[in-house]
Amino acid sequence: MSVKIFDRPETKSFLETVSGLDKAGGNPRVKQVVHRILSDLYKAIDDLNVTPDEYWTAIAWLNEIGASGQAGLISPGLGLDHFLDERLDAIDDALGIKNETPRTIEGPLYVAGAPVSTGYARLDDGTDENGHTLIMHGTVFKADGTPFAGATVEVWHCDTRGFYSHFDPTGKQAPFNMRRTIIADENGRYKFQSIVPHGYGVPPGSPTEQLLSALGRHGQRPAHIHFFVSGADHRKLTTQINIAGDPLVNDDFAYATRDGLVPDVVERSDEASIKANNLKGPFAEITFDIHLTPLVNGVDNQINEQRKRAAA
Ligand code: MBD
Ligand code: FE
């Protein structure tokens, strides 16, 4: 039986009551957003004849998402993180700001407090037996195009099983394995040794995977390396690079792949290169320069407090 009650005046005034719009107290912005989202939801229920059984299935799923701490995981899966990036890009276009190094989503797996070093860091602790050595390096540039001595490069990635330290379900990794903060040297250069990461997959059987499966989708990401790059008088850049050649480079469940963020991976097996990097055997090399952008009217107009909230 299909009925329509959304357009009734009673429904309209009920939504205003529920959202507190008829009261003086509370937070006006929260009221505005809740009123809009609730109105869209009521209308969808009405238009699609959502049954009570369907509705309570969704509520149970939301409880599972929360209980498993996966709100930050299904969010990129539903493209919301990428959509926010597209909006930041559009705002920058309107302001005339060019992002020579594209931004892309942070994801839910950053951890603050990684060891800090200048110029160079070794990210992995050498215990991943399947690891293929990676050397990655580049120069950080200021908005005026000059090298950014003292810029901060935070980098994090997963191991060859697709697990991140602090979130490793096997408990195998030491804290801050494959997480470092590198201060760019006097020439704006950063360099690190690590291992080539594997792709990531959402936890099997998780509520995130259940929804993706119901959408006929997978929960896999191509191999990638995350970065926060920041420096005085510039906006903080959140980005990632993908490992070129990964079959999922253009099939990421989190939609983070962007032009300009898939640098070449060069296999080096010649003695000179191996020696120059103090290594014992062949390795993969990635060169990736990073360009920061200026503040807008003296402030970082894109900064968000996601990290502070995660730490609280
Ligand atoms: C990741 O490693 C990630 O980067 C994102 C965006 C989502 C899940 C896992
Ligand atoms: Fe990741």
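Is F176 buried or exposed in this predicted model? At 18% relative accessibility, F176 is buried, because the cut-off for that class is under 20%.

**Figure 1. Overview of the predicted protein model.** The protein has 312 residues, and buried residues make up 42% of them. Its secondary structure comprises 8 helices and 13 strands. Along the principal axes, the C-alpha atoms fill a box of roughly 75 × 45 × 35 Å. Two domains divide the protein: domain 1 covers 9-50 and domain 2 covers 74-311. Their centres, taken over C-alpha atoms, are separated by 39 Å.

**Figure 2. Surroundings of ligand 1.** The residues around ligand 1 are L73, I105, G107, P108, L109, Y164, Y200, R221, H224, H226 and A254. For Y164, a polar side-chain atom lies 2.8 Å from an oxygen atom of ligand 1. For H224, the corresponding distance to an oxygen atom of ligand 1 is 3.2 Å. For H226, an N or O atom of the side chain is 2.9 Å from an oxygen atom of ligand 1. Taken alone, ligand 1 exposes 260 Å², and the protein buries 100% of that area.

**Figure 3. The ring pair F192 and F227.** The structure holds 9 aromatic pairs. In this one, the ring centres of F192 and F227 are 6.5 Å apart and the planes stand at 40°, so the pair is tilted. F192 belongs to strand β6 (residues 189-195), and F227 belongs to strand β9 (residues 224-230). The pair therefore ties together parts that are 35 residues apart in sequence. F192 has 0% relative accessibility and counts as buried. F227 is buried too, with a relative accessible area of 0%.

**Figure 4. An aromatic cluster, and lysines over rings.** Y110, W156 and F228 form one aromatic cluster. The ring of F228 also has a charge over it: the charged end of K236 sits there, 3.8 Å from the ring centre. What sits over the ring of F148? It is the charged end of K142, at 5.3 Å from the centre of that ring.

**Figure 5. The loop between β4 and β5.** This loop runs between β4 (152-156) and β5 (179-183), and D168 is found in it. D168 is buried, with a relative accessible area of 11%. Its side chain joins that of Q173 through a polar contact of 3.2 Å. F176 has its place in the loop between β4 and β5 as well. Most residues other than glycine have a negative phi. F176 has a positive phi, near 65°, and is not a glycine. At 18% relative accessibility, F176 counts as buried.

**Figure 6. D233 in the loop between β9 and β10.** Where does D233 lie? It lies in the loop between β9 and β10 (237-242). Is D233 buried or exposed? With a relative accessible area of 60%, D233 is exposed, because the cut-off for that class is over 50%.

**Figure 7. D81 in helix α5.** D81 lies in helix α5, which spans residues 80-95. With a relative accessible area of 16%, D81 is buried. How far apart in space are D81 and A284? From C-alpha to C-alpha they are 30 Å apart, and in sequence they are 203 residues apart.

Methods: Residues numbered from 1 in each chain as written. Chains lettered and ligands numbered in written order. Predicted model: local features only at pLDDT ≥ 70, side-chain atom pairs only at ≥ 80, totals over all residues. Heavy atoms only, no water. Phe/Tyr/Trp six-rings, centres within 6.5 Å; stacked < 30°, edge-to-face > 60°. Helix = DSSP H or I, 4+ residues; strand = E, 2+ residues; numbered from the N terminus. Buried < 20%, exposed > 50% of the residue type's maximum accessible area, 1.4 Å probe, protein only. Lys NZ or Arg CZ within 6 Å of the ring centre and 35° of its normal. Near = heavy atom within 4 Å. Polar contact = N/O pair within 3.5 Å; in protein donor to acceptor, adjacent residues only side chain to side chain. Areas by Shrake-Rupley, 256 points an atom, 1.4 Å probe, with all protein chains shown as cover. Domains from an automatic or database assignment.
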